[in-house]
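Take a moment to look over the sequence and the fold below. Then follow the text through the structure, one part at a time.

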Amino acid sequence: MHRSIERIAGDSEGVSYEFPVLRFEGTDEAAPSAYLQAALHAGELPGVVAIDALMPMLARAEAEGRIRGAITIVPWANPIGRAQYHFGEHQGRFHLGTRTNFNRGFPLLAAPDTALLPDTTLATPDQRLKSRLLQLSLGHDIVLDLHCDDEGLPYLYIHTSLWPAMADCAAAMGVDAVLLWNEDTDGTFEGASIMPYQNVPAEVARFDRRVATTVEYRGILDVDGELAAADAEGLYRLLVARGVVADPALATPGAFTGTVAPLENIDMMPAPKGGAVVYDVKPGARVAKGARLAKIVYAPGETGGSTEVFAPQAGLILTRRSRRIIRAGEDLLKLVGDKRSDDARSGTLED
Ligand SMILES: [Zn+2]
């Protein structure tokens, strides 16, 4: 394994950011290659500890000559967000300097060619970081961006062009759900990893072996030794299933049996009032249409001081908020409905 350090210039003299990149060389140039990054949203750490648990497995495979394809790993992809504290609270989702989501604004290239990346000499540091992460990842057949939700089940976002071809990956990782998306105009890292392949010749796109996904490893508090070990095994199974690592002892993943739904089926349930959320449901619950999802106490102790929110359709509770204070209009949870949502906002990439 080879370790190198990337440096991202800050926007004033004397300020710069660093992050390590870990690389395994493959023994077979024809084998698929893989890129893994975690904590682009810098406080989302289940993927960080999953990578930490994966590394000894890869080191062993390397010692035994079983790493076939090149593997590039960025265990903590966002040194800018990692260092952002605002009044003692970590802020890893938005760049404080530009108020931009760290997982938006990636360049959406017309082809997988790093020469098309914009010049970021005079850009903001977060744009420099995004450009560099995309440059590091482009050209790999498999690109995994490890995130987590607030509270939730493990699930994947996958572009429709890769489904059902990626069902083996979902099965290997043991996630509970897959959300399929079509359009990314905001430039998520996943969008920037798959859109460049949509209009290039088939021998460049290689959809037979391409993998790109945002992995949502449950909730922000699910940073746990047992879960990390299980997630590392899932990542390892994916690398073996796709031929990056050879391991004849490992069984091929079975069929994916989790929930698969287009983003248009997600109901986010905006809160009608600001207040204290009292949930009736947890991630993993199946609900019927009309089931009570939550009560919001907005005028405590007063008659009629609370309001209730009901399921607009039957489905699976995928996520909910980790904090219990809410403003009017903020989303309460993700309900993966059995059919298309009536909420006009549904269909957009949420991470
Ligand atoms: Zn995230």
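Which residue forms a salt bridge with Glu-6? The partner is Arg-132, and the closest N and O atoms of the pair are 2.5 Å apart. A salt bridge here is a side-chain nitrogen of Lys or Arg within 4 Å of a carboxyl oxygen of Asp or Glu. Arg-132 sits in helix 3 and Glu-6 in strand 1, so the pair ties together parts that are 126 residues apart in sequence. A search of the whole structure finds 22 salt bridges.

A word on the source. This is a predicted model, in which local features need pLDDT of at least 70 and side-chain atom pairs count only at pLDDT 80 or more, while totals for chains, interfaces and linings use all residues. Residues are numbered from 1 along each chain as its sequence is written, and side-chain values use heavy atoms, with hydrogens and water left out.

Now the sheet. Helices (H or I, at least four residues) and strands (E, at least two) are DSSP runs, numbered from the N terminus. Two strands pair if DSSP finds at least two bridges between them. An open sheet is formed by 9 strands, in the order 1-2-4-3-9-13-11-12-14, with mixed pairing. Strand 1 (2-9) and strand 14 (259-262) stand at the edges with a single partner strand each, so one side of each has no neighbour in the sheet. Neighbouring strands are turned by 20 degrees against each other on average, direction ignored. Axes are lines fitted to C-alpha atoms, for helices over the stretch in contact, and angles run from 0 to 180 degrees between N-to-C directions.

Look at one pair inside this sheet. Strand 11 (155-159) and strand 12 (177-181) pair in the parallel sense over 5 bridges. His-159 has Trp-181 as its bridge partner in strand 12.

Helix 3 (125-137) lies across several strands, including strand 1, strand 2 and strand 9. Contact means heavy atoms within 4.5 Å. The helix runs at about 150 degrees to strand 1.

Other strands pair too. Strand 16 (275-279) and strand 18 (292-297) run antiparallel, joined by 4 bridges. Val-278 has Lys-295 as its bridge partner in strand 18. Strand 18 is also joined to strand 19 (306-310), again antiparallel, by 5 bridges. There, Ala-294 has Val-309 as its bridge partner.
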